[in-house]
Amino acid sequence: EREKADTIARIKKLLKEKNAVLVAHYYTDPEIQALAEETGGCVSDSLEMARFGANHAAETLIVAGVKFMGETAKILTPHKTVLMPTLEATCSLDIGCPIEEFSAFCDAHPDRTVVVYANTSAAVKARADWVVTSSIALDIVDHLDAEGEKILWAPDQHLGNYIQKQTGADMLMWQGACVVHDEFKTKALEDLKKVYPEAAILVHPESPAAVVELADAVGSTSQLIKASQELPNDTFIVATDRGIFYKMQQLSPHKHFIEAPTAGNGATCRSCAHCPWMAMNGLVAIADALEHGGKAHEIHVDPALGERAMQPLTRMLNFKK
Ligand code: CIZ
Ligand code: SF4
């Protein structure tokens, strides 16, 4: 505890010295989210993280999240220094969509508008017409569908299928999945609901369709947080990374939040409701990144690639429903 307090003090001092601001995702450790709030940084989903970083006056952004979030920050503000606690924190969606294969997929379908989820590399974004996050994907696909566009969607198949069902758009799907959300199980969720019949079920659309079908509310992290405030229930079963409980509990201290089950009968799963890459973000790593920067912590994006990737990202940020 003493050490933790020292590390927090060190981070606060370094943030001032380096004119830096801490931008954290909802899936990071509660202590990181609390520190971001306390120091005038932000805690949010990837869309709002991108907006916040781009609009903030700080010269250095320290991004607690996974690599694509740091890359997005660098693409939008190439003149800023973008640091991350560790560059090893990636994402199964990003890994599952390598640029060579993705490019070939796009080349094979030149008649389609390419829409990619933010959880992708800078190179994949540079190949896209649109970048979307889960909080804005439905609105953008709906808009493109109304314009008569046929869509090539990558990389999350569950989110893609969900959006396809909602909008009726013509979507060709890349077959990626998130290791965390893919583990949520229908049968165990039904059993849990029997134990808590009064609970509302909140589901992120990166989860399998059968889990989404059991939901009282489906949406991005920010939309699920809103639902946890607005629904009248006192108890919630939540199918997304458990890091989100920090914000839900803070906004509704009297409500009760329960993790959706990841595998029946106590069987083990690879990533039980917590992203292994988000978990790599720690206070000591944040302090080290601010103090030393350099190869282990600083995000670099090839400037020409970054310029191309900035176009579909800016299109998303400027999109009005
Ligand atoms: O699962 C993720 O990585 C999410 C929800 C990212 C985001 O858009 O905030
Ligand atoms: Fe990627 Fe899933 Fe982790 Fe989000 S929770 S960063 S989608 S692996």
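This is a predicted model, in which local features need pLDDT of at least 70, side-chain atom pairs count only at pLDDT 80 or more, and totals for chains, interfaces and linings use all residues. Residues are numbered from 1 along each chain as its sequence is written, and chains are lettered from A and ligands numbered from 1 in the order in which they are written.

**Annotated positions**
- The unreviewed UniProt entry lists "binding site" positions that include His25, Ser46, His204 and Thr221; such annotations may be inferred rather than shown by experiment.

**Serine 46**
- Helix α3, residues 46-55, contains serine 46 (helices are DSSP runs of H or I, at least four residues, numbered from the N terminus).
- Serine 46 counts as buried because 24 other C-beta atoms lie within 10 Å (the cut-off is 20 or more, with C-beta atoms placed from the backbone).
- Beyond its neighbours within four places in sequence, serine 46 contacts His25, Met69, Ala118 and Thr133 (contact means C-beta atoms, placed from the backbone, within 7 Å).

**Threonine 221**
- Threonine 221 belongs to helix α12, residues 221-230, and is buried, with 25 other C-beta atoms within 10 Å.
- Not counting residues up to four places away in sequence, threonine 221 touches Tyr26, Asp45, His204, Thr240 and Ile244.

**Domains**
- The domain assignment (automatic or from a database) gives domain 1 (2-90 + 278-303), domain 2 (93-173) and domain 3 (181-259).
- The C-alpha centres of domain 1 and domain 3 are 27 Å apart, and their contact takes ten residues from domain 1 and eight residues from domain 3.

Conventions: Helices (H or I, at least four residues) and strands (E, at least two) are DSSP runs, numbered from the N terminus. A residue is buried if 20 or more other C-beta atoms lie within 10 Å of its own, exposed if 12 or fewer, and partly exposed in between; C-beta atoms are placed from the backbone. Two residues are in contact if their C-beta atoms, placed from the backbone, lie within 7 Å.
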